[in-house]
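Dear colleague,

Please find below the structure that I am handing over to you. My findings follow directly after it.

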Amino acid sequence: MLKVENINVYYGAIHALKGISVEVKEGEIVTLIGANGAGKSTILRTISGLLRTKTGNILFEGNSVATMAPEEIVKKGISQVPEGRRIFANMTVEENLELGAYIRSDKPGIRKDIDKVFERFPRLGERRKQIAGTLSGGEQQMLAIGRGLMSQPRLLLLDEPSMGLAPLLVKEIFSIIKEINASGTTILLVEQNANMALSIAHQAYVLETGRITLSGSAKELMESEEVRKAYLGG
Amino acid sequence: MEASSLTQQFFQQLINGISLGSIYALIALGYTMVYGIIRLINFAHGDIYMLGAYAGYFATTFFKMSFFPALIFSMVVASTVGMLIERLAYRPLRGAPKIAILITAIGVSLLLEYGGMILVTPQPRTFPELFSTATYNFMGLVVNSQQIVILVVSLALMFILTYVVNHTKVGKAMRAVSFDTDAARLMGINVDRIISFTFAIGSSLAAAAGILVGIYYNSIDPLMGIMPGLKAFVAAVLGGIGVIPGAMVGGVLLGVIEALVSGFLSSTFRDAAAFIILIVILLFRPAGLFGKNIREKV
Ligand SMILES: Nc1ncnc2c1ncn2[C@@H]1O[C@H](COP(=O)(O)OP(=O)(O)O)[C@@H](O)[C@H]1O
Ligand SMILES: [Mg+2]
């Protein structure tokens with residue numbers, strides 16, 4: 001479904017991604033794990049068109065999206081829930097969801113999908129007219145995920161959805177991710193919480209300072225000595 | 001007797017101030033919306049107001065339009081020019097240091113002022129009388145028909161703007177881009193298009209202000225945008241730059257203060273009042289009356 005082929009991405013003189021290739025098959029959860037600063041967010045930002053690669057290509061369902069504008073990429077069916085949630089804190093919960101559906105114009109369909117988000121996250125439903133900035137961290141993450149789903153993506157990019165959440169909420173978020181995947185959305189999940197990520201993923205990549213150092217099935221990586229030592233605490 | 005005539009003068013100046021202030025408010029909205037979305041003080045904005053006044057002048061003299069068609073015509077002309085300026089002068093500099101864009105804005109402003117002089121001559125022109133001047137007296141206060149037109153038109157425009165920004169899709173997109181541009185991109189919002197739209201709206205409001213001033217003072221000239229442009233900028237800062245209701249309140253407030261100063265002190269202090277307010281605001285409340293501590297965009 002998604003093929004990232006040998007991309008090199010720079011921030012000015014900083015060479016952030018050094019020949020990265022990643023593949024995501026339809027229906028899977030693929031996770032990218034790695035320490036802070038490894039380049040995980042940079043990969044997602046490049047896939048979404050916020051950054052450009054100097055080399056290689058990014059293919060989505062066979063077509064190159066490497067030079068497309070971010071809004072075109074959303075229309076193709078790739079949606080991103082960015083790191084730190086980035087909800088529109090000065091707008092209501094409902095307005096955030098409406099903005100998630102910006103590329104759509106089927107009003108009744110959008111209505112229905114907003115209700116679906118409220119079914120999935122009842123706490124958001126209770127707060128639909130509330131200003132999003134007043135939500136708790138967990139609620140904000142749920143809103144960010146709900147907003148990301150409103151464009152009806154076939155591929156959902158999630159950047160550290162468990163960041164800064166209490167353990168119980170982390171569990172809840174991961175089980176929601178599994179549910180979203182089970183209902184037919186392919187997922188590329190970036191995480192520092194390697195344990196949890198590997199436990200729900202099918203395939204996994206390990207990223208270190210802009211390079212992929214390991215890849216394989218999540219099961220293999222979970223058992224690998226190197227991964228256990230570096231990311232799973234022994 | 002003395003006290004009651006003072007009260008009367010106070011209310012008379014209040015009326016004058018509110019009508020002048022709603023003009024400032026219309027111009028201030030353009031400053032504040034553009035600032036909100038690309039963090040640029042668009043110094044050419046006062047000149048768009050001048051351009052709107054001239055478009056209205058030609059619409060009513062050459063094309064013999066009446067007030068409403070002329071208002072629409074001038075708003076359309078100004079929004080087109082506003083979008084062109086953004087497209088040709090500011091967009092190529094997106095991502096350039098702020099100072100480069102600021103200097104460009106000053107350049108565009110000078111181009112419009114002195115280019116305007118070449119096109120329409122520096123001579124002031126008499127704006128045609130579109131309404132028969134009637135004055136209404138009640139309780140000793142005098143209101144003329146121009147003031148009523150100014151008030152009604154600017155209130156209607158501000159009402160429409162508020163509705164668009166709060167309740168339409170494009171308005172929500174404007175707020176989203178203004179709050180977090182990259183997050184807005186991830187929603188599939190075409191940011192360039194929203195910026196264009198913002199310039200169009202801001203410019204059309206300035207054009208409306210231009211026509212209204214033409215009607216009020218009867219006289220327009222190519223440099224007429226400089227002073228009201230600066231004043232409206234002060235109004236936008238007073239209300240909290242980037243905050244739409246702030247620009248409305250700031251504009252009206254500034255108009256009222258100016259009217260009171262010229263009524264009770266001396267009209268020579270009128271212009272100074274605006275700049276004293278600017279200094280005081282910048283010293284004690286830089287975020288303005290309605291400004292939150294907006295986080296600076298990275
Ligand atoms: N806007 C930026 N400007 C310059 N360097 C950046 C920027 N964003 C990230 N980097 C650098 O790129 C590298 C990868 O960052 P990032 O993709 O955010 O890592 P991760 O998401 O894995 O924590 C880091 O070394 C970081 O310092
Ligand atoms: Mg990151």
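Two strands are taken to pair if DSSP finds at least two bridges between them. In this predicted model, strand β1 (residues 2-11) of chain A meets that criterion with β2(A): eight bridges join the two, which run antiparallel. Within this pairing, A:Lys3 stands opposite A:Glu23 in β2(A).

Both strands belong to an open sheet of four strands in chain A, with the order β2-β1-β4-β5 and antiparallel pairing. The edges are formed by β2 and β5 (63-64) of chain A; each has a single partner strand, so one side of each is left without a neighbour in the sheet.

The largest share, three residues, comes from α1(A). The residues surrounding ligand 1 include A:Tyr11, A:Ile14 and A:Ala16, a run from A:Ala35 through A:Asn36, A:Gly37, A:Ala38, A:Gly39, A:Lys40 and A:Ser41 to A:Thr42, and also A:Glu83. Sorted by class, the shell holds five nonpolar, five polar and two charged residues.

Several polar atoms of the protein approach oxygen atoms of ligand 1. A polar backbone atom of A:Lys40 is 2.8 Å from one oxygen atom of the ligand. For A:Ala38, again through a polar backbone atom, the distance to an oxygen atom of ligand 1 is 3.2 Å. A:Asn36 contributes a polar side-chain atom, which lies 3.2 Å from an oxygen atom of the ligand. Ligand 1 taken alone exposes 560 Å², of which the protein buries 60%.

Two members of this shell, A:Ser41 and A:Glu83, also coordinate the magnesium ion (ligand 2), through OG and OE respectively, at 2.0 Å. The pair links distant parts of the chain, 42 residues apart: A:Ser41 is in helix α1 of chain A, whereas A:Glu83 is in the loop between β6 (78-81) and α3 (93-100) of chain A.

With kind regards

Conventions:
Residues are numbered from 1 along each chain as its sequence is written. Chains are lettered from A and ligands numbered from 1 in the order in which they are written. This is a predicted model: local features need pLDDT of at least 70, side-chain atom pairs count only at pLDDT 80 or more; totals for chains, interfaces and linings use all residues. Side-chain values use heavy atoms; hydrogens and water are left out. A residue is near a molecule or strand if one of its heavy atoms lies within 4 Å of it. A polar contact is a pair of N or O atoms within 3.5 Å; within protein, one must be able to donate a hydrogen and the other to accept it, and residues adjacent in sequence count only if both atoms are side-chain atoms. Accessible areas come from the Shrake-Rupley method with a 1.4 Å probe; for residues, only the protein chains shown count as cover. Ala, Val, Leu, Ile, Met, Phe, Trp, Tyr, Cys and Pro count as nonpolar, Asp, Glu, Lys and Arg as charged, and the others, Gly among them, as polar. Donors are N, O and S atoms within 2.8 Å of the metal (3.2 Å for Na, K and Ca); water is not among the atoms, so sites may look incomplete.
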